[in-house]
Every structure is written in structure tokens, then in C-alpha cells.
Amino acid sequence: MTILGIETSCDETGAAVVEKKGRDLLVLSNEIASSLTLHAETGGIIPETAAREQLRYILPTIEKALQGIGWDHIDAIAVTYGPGLIGSLLVGVETAKTLAYVLKKPLLPVNHMYGHIYANWLRTESNAQSEKPSLRPTPDEITFPALALVVSGGHTDLIVIGNHETFEVIGGTRDDAAGEAFDKIGRLLGLPYPAGPTIAKLAEKGNRKTFDLPRPLIGSDDFDFSFSGLKTAALRETKKIKKLNDTTLSDFCASVQWSITDVLVKKTIRAAAHYGVKSLLLGGGVAANEQLRESLQEALRSQMPSTTLFVPERKFCTDNAAMIAAAGFFTQPLPWQKVTADPQLYY
Ligand code: KG4
Ligand code: ZN
């Protein structure tokens, strides 16, 4: 079976074809067009701009994803129907509905956050030669119960997965998401949007112990997160710094990254132990963060050695359509008339 995935929940226009071969979900194509440079100029996403760009990119991106494959090989169409920006979502959903109607293909409505989780099931030819093979056991080794940490620009969620039908959100952010914290603190530092990858790069040369930043809710009994206090503390600290030179900037970035990842790791490990999970799945843009990946791996190794960490390839951590196609394999089709864009959709 082969699925065309379509993802347009925010500023990325994605189209991808994924084929199920035995137990493997193989990525045959994965195209992404992005209006990110336009948003870098404004320091954040302007929904109207994002939606207009989605309209411009959607058909050429789908055509590119189908090159050398063709419609005859597509068995179903999976599309993100929420959560996300309504204008952007509508472009993908209405395109997918039209294609499903005209081509008489089943339509699979996918929750964007499920997509981030199912990125862990994707395989490519290059998986075998991954940069860090120890972090990437093969997807057929994923066993339930599993715990997913989905960390993106809009979400920081812990989800217990009993099986492909049972998802329970056990905690989430009370205010800013982890990626949002990276982006907002980056803005204070004058870094371009999205700041997560830049902060991670600068942090490589910094000393993470230089600035003593808070770890909100690190000791609370629940599995919730809160990052808005960190942003306020970061603002206070930056005001104290007389001159932000290369060294202080790197030290500051390292301290911010440590504070965010420390909270994420401690709470995730506590949840993993509480629910006795066999697999830990990472997903979302912040899952591309090397310190988060390494710290989680390290903590599991020392505290829960029988639990395995799964991390998607970097290109499948940030928004993409291959993950939507992957989730499509575990989604029930709906008649095209019933599929509507839902910006508020939760699990
Ligand atoms: O999942 P995603 O592409 O979009 C949403 O669904 O939000 O996540 C984007 C977020 C941004 O906040 C970006 O700063 C963050 O992921 N991000 C990172 C890294 N790469 C992307 N944060 C920290 N370290 C990274 N390497
Ligand atoms: Zn996302």
C-alpha cells in the first residue's frame, strides 16, 4: 500500500509518498517548500502570509512528490486536518478533498501531532548509515506501552501510547511550548526566527553553567511543563549583561538550552518510569536538538536500561508530509465530505 501525505498546518508545504513494504514504511519521496525566509524577516509567522504561500506552493509540491511515481501507485491520500493555522490548513485539506473526490481515493484525516509521533516509524535508504546508529534502532523494535515526547513550536506534550488506537495525553505545557521558548529567547538575543537551531549551534561552544536559569515545574508531581518564566528570567539576565560578545552569547545559549532540555529530560524519565514504558519516542522540531537526544539517551541508559529511545531522522523531526503519510497507515478513512480543517484539534 502507498500513501500520498499532505502537510500544510503552518509555514511548510509538504507532500510525500510513503510505501508499506512488509512492516517497513519506506519514504519514496519527501518534498517541502517553505515560506520561512519571509517569516524570518518579520521575526515570527504571519498567518495570512503563510496561507498565501501555501496556495502558491501546494500543487507544484504535490507534482514534485509524485514525479517518477504517478497517481496509479497511490492507494490513499492522508492530510493534516489540525491543529494549525486555519488558512494554511484549509489549503491542504481542500486540495486533498478535491484529489480524493476526483481520483476516487480514500481520504485519511491526520492529527498533526500524531504525525510527529509516527515520524518514528519512517525508514529511508539512508537510515542504515545514520550519523548516530545507536540512537536509531529500527522501527519494528518499537514496542508498547510507549511514551512520546512531542516538542515543537506549538506543543510540549507527553503521551502514553497503549497501542495504535490508545493515546493518553498525560501532560503538556501550561504556557509557552519548548520550541516557542527557544524562539522567543532567541528573539531577545537578536537571533533570526526560528531560533532553536541557531541557539543549539551557538551552545556548542558555550559553558552551560555560566548563567543560572530556572527549571520551571521540574519537581512538580504532575507531567506538565511551563516555559514562560524561563523567558522572563532570560530577559532579566540579558539586561544585566553589559556587552553581549561571542563568548557571552555562546554561554547564554548553552545555559538556555540546558535549562530547557534538563526539564524535558527529568519529567520525561519520571513519566516513563511511572508508566513502565518499553519505548520512548521523540518527535517535533525540538527533537532535532542534539543535547536533548543525548541527554535522554544517557538518562535512559543509567536509569531505565530496558527502555529503548527512538528518534526520527532530523528531516522528519521538523514539519514534513512523510510523517503525515506514516500516520495515515494507522488512520481510518473518512468520506471526503466529512473532512474539515480544525485549528483547535487536540488528541
Ligand atoms: O515541529 P516543528 O517544525 O513545527 C511545529 O509544529 O511547531 O517545530 C519547529 C520548532 C521551532 O520552535 C524551532 O525553533 C524548533 O522546532 N527547533 C529546534 C531545533 N530545530 C528546530 N529547537 C532546538 N534545537 C534544534 N536543533
Ligand atoms: Zn509540527
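Mentor: Let's start with W336, which sits in the segment after α10 (322–328). Keep in mind that this is a predicted model.

Trainee: How do I read the exposure of W336: is it buried or partly exposed?

Mentor: Buried means under 20% relative accessible area, exposed means over 50%, and partly exposed is in between. W336 has a relative accessible area of 32%, so it's partly exposed.

Trainee: And which residues make the nonpolar surface patch?

Mentor: To join a patch, a residue needs over 30% relative accessible area. Here Y101, V102, L103 and W336 make a nonpolar patch of about 390 Å².

Trainee: On to D251. Where is it, and what is the nearest side chain of opposite charge?

Mentor: D251 belongs to helix α8, residues 246–275. For a salt bridge, the charged atoms have to come within 4 Å. D251 is buried but has none: K205, the nearest side chain of opposite charge, is 11 Å away.

Trainee: Then what lies 2.8 Å from a polar atom of the D251 side chain?

Mentor: The backbone nitrogen of N207 does. Setting aside residues up to four places away in sequence, D251 touches G206, N207, T210 and F211.

Trainee: Last one: L38. Which helix holds it, and what does it contact beyond its sequence neighbours?

Mentor: L38 is in helix α1, residues 36–42, and its relative accessibility of 33% makes it partly exposed. Beyond the residues within four places in sequence, it's in contact with T49 and E53. As for T261, it is 223 residues from L38 in sequence, and their C-alpha atoms are 29 Å apart.

Methods:
Residues are numbered from 1 along each chain as its sequence is written. Chains are lettered from A and ligands numbered from 1 in the order in which they are written. This is a predicted model: local features need pLDDT of at least 70, side-chain atom pairs count only at pLDDT 80 or more; totals for chains, interfaces and linings use all residues. Side-chain values use heavy atoms; hydrogens and water are left out. Patches are made of residues with over 30% relative accessible area and no salt bridge: like charges are joined within 9 Å, nonpolar side chains (Val, Leu, Ile, Met, Phe, Trp, Tyr) within 5 Å. Accessible areas come from the Shrake-Rupley method with a 1.4 Å probe; for residues, only the protein chains shown count as cover. Helices (H or I, at least four residues) and strands (E, at least two) are DSSP runs, numbered from the N terminus. Buried means under 20% relative accessible area, exposed over 50%, partly exposed in between (1.4 Å probe, protein chains only). Lys and Arg count as positive and Asp and Glu as negative; His and the chain ends are not counted. A polar contact is a pair of N or O atoms within 3.5 Å; within protein, one must be able to donate a hydrogen and the other to accept it, and residues adjacent in sequence count only if both atoms are side-chain atoms. Contact means heavy atoms within 4.5 Å.
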